8 protein chains.
Amino acid sequence: MNDQAPWVGIVMGSRSDLETLGAAREVLAALGIPHEVRVLSAHRTPEATMAWAEEAEGRGMEVIIAAAGGAAHLPGVVAAKTVLPVLGVPVVGWSLGGLDSLLSMVQMPRGVPVGTLAVGKAGAANAALLAAAIIGGKRPEVRERLRAWRERQREELLKQSEEE
Amino acid sequence: MNDQAPWVGIVMGSRSDLETLGAAREVLAALGIPHEVRVLSAHRTPEATMAWAEEAEGRGMEVIIAAAGGAAHLPGVVAAKTVLPVLGVPVVGWSLGGLDSLLSMVQMPRGVPVGTLAVGKAGAANAALLAAAIIGGKRPEVRERLRAWRERQREELLKQSEEE
Amino acid sequence: MNDQAPWVGIVMGSRSDLETLGAAREVLAALGIPHEVRVLSAHRTPEATMAWAEEAEGRGMEVIIAAAGGAAHLPGVVAAKTVLPVLGVPVVGWSLGGLDSLLSMVQMPRGVPVGTLAVGKAGAANAALLAAAIIGGKRPEVRERLRAWRERQREELLKQSEEE
Amino acid sequence: MNDQAPWVGIVMGSRSDLETLGAAREVLAALGIPHEVRVLSAHRTPEATMAWAEEAEGRGMEVIIAAAGGAAHLPGVVAAKTVLPVLGVPVVGWSLGGLDSLLSMVQMPRGVPVGTLAVGKAGAANAALLAAAIIGGKRPEVRERLRAWRERQREELLKQSEEE
Amino acid sequence: MNDQAPWVGIVMGSRSDLETLGAAREVLAALGIPHEVRVLSAHRTPEATMAWAEEAEGRGMEVIIAAAGGAAHLPGVVAAKTVLPVLGVPVVGWSLGGLDSLLSMVQMPRGVPVGTLAVGKAGAANAALLAAAIIGGKRPEVRERLRAWRERQREELLKQSEEE
Amino acid sequence: MNDQAPWVGIVMGSRSDLETLGAAREVLAALGIPHEVRVLSAHRTPEATMAWAEEAEGRGMEVIIAAAGGAAHLPGVVAAKTVLPVLGVPVVGWSLGGLDSLLSMVQMPRGVPVGTLAVGKAGAANAALLAAAIIGGKRPEVRERLRAWRERQREELLKQSEEE
Amino acid sequence: MNDQAPWVGIVMGSRSDLETLGAAREVLAALGIPHEVRVLSAHRTPEATMAWAEEAEGRGMEVIIAAAGGAAHLPGVVAAKTVLPVLGVPVVGWSLGGLDSLLSMVQMPRGVPVGTLAVGKAGAANAALLAAAIIGGKRPEVRERLRAWRERQREELLKQSEEE
Amino acid sequence: MNDQAPWVGIVMGSRSDLETLGAAREVLAALGIPHEVRVLSAHRTPEATMAWAEEAEGRGMEVIIAAAGGAAHLPGVVAAKTVLPVLGVPVVGWSLGGLDSLLSMVQMPRGVPVGTLAVGKAGAANAALLAAAIIGGKRPEVRERLRAWRERQREELLKQSEEE
């Protein structure tokens with residue numbers, strides 16, 4: 001294990017996706033998971049994207065989170081170049097309410113999977129939680145932090161319920 | 001690590017989903033990943049479903065694949081009871097062409113993620129490949145088998161292309 | 001009959017659904033139907049949710065109204081643990097305009113029904129009216145109050161029409 | 001209570017819906033709930049439809065199940081003329097896969113509710129189960145039969161699961 | 001012919017539809033077509049709605065325009081009680097962007113037609129133009145006014161184009 | 001009035017639409033409404049289509065029914081060249097289940113209306129009934145035949161209902 | 001070659017589409033491609049539209065970009081009258097989020113193609129880039145400018161990525 | 001110009017797309033346009049795909065047609081590596097009726113366009129016709145063949161119409 005390296009690589013198709021992905025970064029920070037963030041495009045910088053994806057494993061990354069809008073090919077193109085697990089976050093684009101990016105990720109044909117989360121910030125936060133669940137398979141301390149996070153979430157909601 | 005235990009638990013809402021999930025079982029077998037298969041329902045057998053999910057980690061499972069059709073709550077209910085990574089496979093139900101089960105899985109609200117794959121057999125095969133990618137983080141031999149599987153897939157397609 | 005107990009239990013997946021459900025509470029109040037409101041989650045507090053659902057009948061409740069957004073599993077999970085009638089109110093979530101929560105409720109597979117109303121406030125008001133219709137089967141005074149409410153609604157609309 | 005009368009009235013827009021509604025009739029028969037079946041149309045026989053709806057309460061009916069396809073107005077028109085609870089079953093019509101009948105039922109505007117079930121046979125069976133849940137509020141023997149039915153369903157699924 | 005009577009009856013399910021229908025009223029006024037406007041509901045005032053529809057022909061009306069949102073049954077219920085041509089204008093409701101009201105009108109089953117126009121104000125204006133086209137079959141002066149209106153529209157657009 | 005001329009012109013984009021439009025032709029024949037049928041395309045024979053549309057009024061036609069699939073521009077192009085009422089019948093094309101042809105007709109922008117009926121044969125039959133309702137404004141004998149047709153339809157359904 | 005003439009003709013159904021098409025004009029200007037802009041309607045000015053389309057080739061145009069909203073027939077009607085390549089830009093109309101205009105363009109039946117781009121401004125910019133790619137087949141200097149534009153785009157994104 | 005080289009490159013994600021693309025090959029053959037066909041995948045053989053795309057211009061190709069189903073990234077990945085015009089043909093995949101592949105192509109973000117045709121065979125034939133229109137800009141003989149093809153199509157339809 002490479003504890004210096006980022007364990008999660010977050011890649012997005014445009015700087016405008018940064019706001020959506022803030023929800024993922026907060027969760028990763030709360031769980032003590034080092035990560036790096038890159039703006040790369042499946043179409044405008046395909047070689048850089050594929051090089052980054054190809055090197056991710058060797059650089060010690062364990063999970064990749066990729067977000068994009070519209071015809072959202074970024075997670076699929078990244079997944080084509082790595083055997084690391086790739087998670088996709090559809091971003092609401094300029095029209096059609098996110099259905100386009102959702103289907104462009106989740107309907108990956110047989111052979112190269114993208115584990116897809118919900119459209120937008122909820123999906124970004126959940127991508128980070130799923131990354132933690134995956135990393136937890138190898139790193140017991142991450143699993144315990146995730147367990148504690150989940151327990152805190154449960155308690156907060158129960159408190160809300162009682163206050164009602 | 002518990003090498004006797006199944007590493008992947010496959011759960012489905014109805015025996016009629018078995019055909020769809022055959023595509024997942026074939027891939028897991030090809031990659032040497034032991035797995036168990038259960039028919040359980042989020043609505044008709046909620047306690048058994050939740051008990052199975054809760055015990056999965058202790059029994060040595062590393063990833064869960066859950067498939068269902070219609071208002072497909074099974075992956076979400078399983079995910080509520082485990083910190084293992086949960087992958088969802090939407091099955092085409094009796095109407096609406098699978099859009100209902102897809103949205104019922106992928107749009108999980110913030111806090112409990114389900115990594116969702118494509119509707120039907122393509123998604124089932126990809127769930128197995130993503131499970132292998134996840135397990136590969138801890139088990140190098142699985143990662144290498146996945147890498148080899150991906151390479152064979154690449155070569156077969158290239159051969160097809162040349163034959164054209 | 002237990003006239004002290006709430007006759008209707010309203011449960012929602014998040015405090016942010018309170019505004020939508022205000023439309024249900026107003027109608028129940030207007031019809032003299034005591035009710036309780038709880039914030040519970042199918043995924044973050046599954047045991048509390050199921051315990052609440054399981055105890056509802058014994059506590060004298062007669063109908064349950066459950067509201068949620070996104071992959072809206074709450075009504076289905078509640079329905080799994082009670083033989084009381086369960087009504088679902090889809091809430092517009094963070095994307096896809098409510099189609100996700102609608103399909104996640106209405107497409108319940110055979111065996112455990114959720115009677116689903118319209119997306120949002122119209123559906124919340126109607127869930128209360130349908131609860132009144134159900135309770136009216138046993139409590140004639142509720143049926144008469146509902147009849148009078150419907151009559152008033154009719155007259156108000158007719159007056160509007162004349163004013164045109 | 002009028003034990004001679006049908007407790008449930010099933011109404012459908014066309015004889016071709018009979019096959020779909022067979023699933024409802026089987027469940028009602030299994031639960032010992034007397035019912036009547038009528039073919040009536042919101043558009044072709046509006047007076048007969050409204051007269052039937054208006055008389056349903058006086059004739060001892062406790063719940064109405066209405067099924068139709070396409071622009072499926074039947075449940076709404078029936079609900080306009082009764083304070084009994086009305087449940088809707090969308091039928092797959094001649095195009096658009098049932099989305100048209102689903103939205104034509106579930107999106108009822110504020111004031112006159114239709115509790116809508118899933119498209120097709122699953123929805124028809126569930127309408128009967130929800131009718132039983134409603135009737136069970138007044139008739140304890142129906143509630144117990146429903147509880148037993150649910151329990152049998154649970155056991156059958158568990159047995160399936162073990163056989164796997 | 002009854003030149004005193006309104007030739008077009010406009011009916012809407014809610015006063016909130018008045019703004020949408022303003023586009024129809026302007027076109028009718030511009031074409032010199034007398035009309036009346038009523039707020040009536042297929043569900044809350046079914047008898048008044050049906051009585052109005054039934055009397056329309058005898059009162060000299062020649063075309064009916066009906067607008068509603070959500071599960072928009074008003075045009076269908078009106079069409080059930082008259083042999084006059086009925087035109088439907090789907091109004092964007094409280095969710096789903098008007099797809100619900102569009103399908104609730106246009107997918108009328110065989111036997112009772114509703115000629116459906118576009119969602120919202122464009123559809124309202126076009127309903128008035130189609131009503132004029134229909135009335136023009138009997139009243140040559142309306143046809144000529146419509147022809148002139150169309151010609152003016154053509155010229156205005158051509159002028160715009162030249163100015164570009 | 002020109003009683004020799006066809007009163008209704010039916011135009012379709014492809015001979016393969018003939019089967020769908022058979023439902024319209026049967027209704028027109030049953031109501032004694034002379035009609036002509038043409039295969040013309042908005043894209044492949046635009047001049048012939050527009051010439052036919054432009055001459056329709058002078059040839060004595062009173063209503064036009066236009067049917068097409070896919071990006072169904074035929075009714076709109078015909079409507080651009082006539083002040084006669086134009087009715088559209090969306091045909092299920094080669095994909096997307098008729099949603100494409102429905103939206104291509106019904107969403108006509110302000111200025112040139114197409115009164116759109118349901119997708120497929122139900123819509124074709126209803127286009128003929130709406131044409132009869134329109135023609136009935138000028139020809140009382142057609143109105144009476146339509147009234148009788150509607151009455152027979154009502155009686156047949158009532159008989160079906162009794163037989164149940 | 002006619003270097004004085006506009007090489008690209010941009011046509012739109014309404015002046016309100018000008019803002020969307022600004023994105024196309026900027027790209028064409030940046031690539032040194034002369035173009036003309038016209039407001040023409042498939043329905044309100046069909047003869048002028050068809051005349052413009054028919055003359056485009058003779059006037060030296062090499063590609064046509066057509067944009068419209070709702071039932072967007074403009075690109076199809078233009079394509080019917082020219083053998084030049086026609087590109088379509090769906091504009092978000094007054095409802096349904098652009099799905100109507102998208103399907104009205106892209107689903108053109110066999111025989112007369114419209115190469116369709118994304119809904120809105122992204123599609124407008126891409127229509128200009130695709131026009132440049134087409135023109136570049138004959139004009140090497142345009143191809144080189146496009147290559148340079150693509151290269152600059154790549155470098156800008158890479159710089160953004162580094163700054164992260 | 002390189003008259004030996006294929007002028008059109010057809011690439012598809014799977015051999016199963018060959019049947020759909022037969023419609024394109026027939027049109028290209030009829031118009032005397034040499035083409036080559038390759039099976040390549042954006043995900044399984046990304047390097048080979050990108051190498052083929054990158055070399056296409058140098059090998060004398062003038063237009064690329066790319067077809068795929070599901071999350072159809074192939075046309076976008078090809079377009080990322082060439083300044084030739086790229087046309088996309090969505091293929092109906094294993095679920096969702098082609099809406100997934102359509103949106104995955106047409107909604108390409110700003111910067112790298114894919115001119116998208118209709119789903120399935122109609123789109124394949126039209127891609128070939130649009131390719132011919134593009135090639136015709138440089139090769140007058142192709143433009144004339146396309147003009148003649150269009151004229152024949154027009155005459156055949158007119159003959160059909162007369163035979164009616």
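**A residue, its loops and the chain arrangement**

Mentor: F:Thr49 is found in helix H2 (residues 46–56) of chain F; helices (H or I, at least four residues) and strands (E, at least two) are DSSP runs numbered from the N terminus. The model is predicted, so local features need pLDDT of at least 70 and side-chain atom pairs count only at pLDDT 80 or more, while totals for chains, interfaces and linings use all residues. Residues are numbered from 1 along each chain as its sequence is written, chains are lettered from A and ligands numbered from 1 in the order in which they are written, and side-chain values use heavy atoms, with hydrogens and water left out.

With a relative accessible area of 1%, F:Thr49 is buried (buried is under 20%, exposed over 50%, partly exposed in between, with a 1.4 Å probe and protein chains only). Apart from neighbours within four places in sequence, the contacts of F:Thr49 are F:Leu40, F:Ser41, F:Ala42, F:Leu74, F:Val77 and F:Val78, where contact means heavy atoms within 4.5 Å.

Elsewhere in chain F, the loop between strand S4 (86–91) and helix H4 (99–106) holds F:Leu96. Phi of F:Leu96 is near 65°, which is positive in a residue other than glycine. Most residues other than glycine have a negative phi. In chain A, A:Leu96 lies in the loop between strand S4 (86–91) and helix H4 (99–106) and has a positive phi of about 65°. A:Leu96 counts as buried because its relative accessibility is 18%.

Next comes helix packing. In chain D, helix H1 (residues 18–30) packs on helix H5 (residues 121–135) at about 30°, with the axes 7 Å apart; axes are lines fitted to C-alpha atoms, for helices over the stretch in contact, and angles run from 0 to 180 degrees between N-to-C directions. H1(D) and H5(D) are therefore roughly parallel (under 35 degrees; over 145 is roughly antiparallel, 65 to 115 roughly perpendicular and the rest oblique). The crossing of H1(D) over H5(D) is right-handed, meaning that the near helix is turned clockwise from the far one by less than a right angle. From H1(D), D:Glu19, D:Thr20, D:Leu21, D:Ala23, D:Ala24, D:Val27 and D:Leu28 meet D:Lys121, D:Ala124, D:Ala125, D:Ala128 and D:Leu129 of H5(D). The residues of this contact of H1(D) with H5(D) comprise 9 nonpolar, 1 polar and 2 charged (Ala, Val, Leu, Ile, Met, Phe, Trp, Tyr, Cys and Pro count as nonpolar, Asp, Glu, Lys and Arg as charged, and the others, Gly among them, as polar).

D:Leu99, D:Asp100, D:Leu103 and D:Ser104 meet E:Leu99, E:Asp100, E:Leu103 and E:Ser104, a contact of 4 nonpolar, 2 polar and 2 charged residues.

As for symmetry, a 180° rotation with 0.0 Å of shift along its axis superposes chain A on chain B, RMSD 0.0 Å, by least squares on the C-alpha atoms of residues with pLDDT of at least 70 in both. This is the relation of a two-fold axis. Because 100% of the interface residues of chain A are also interface residues in chain B, the copies meet through the same surface. Chain E is superposed on chain F by a rotation of 180° with 0.0 Å of shift along its axis (RMSD 0.0 Å). Chain A and chain F do not touch, with their nearest C-alpha atoms 15 Å apart, and no contact joins chain D and chain H, whose closest C-alpha atoms are 11 Å apart.
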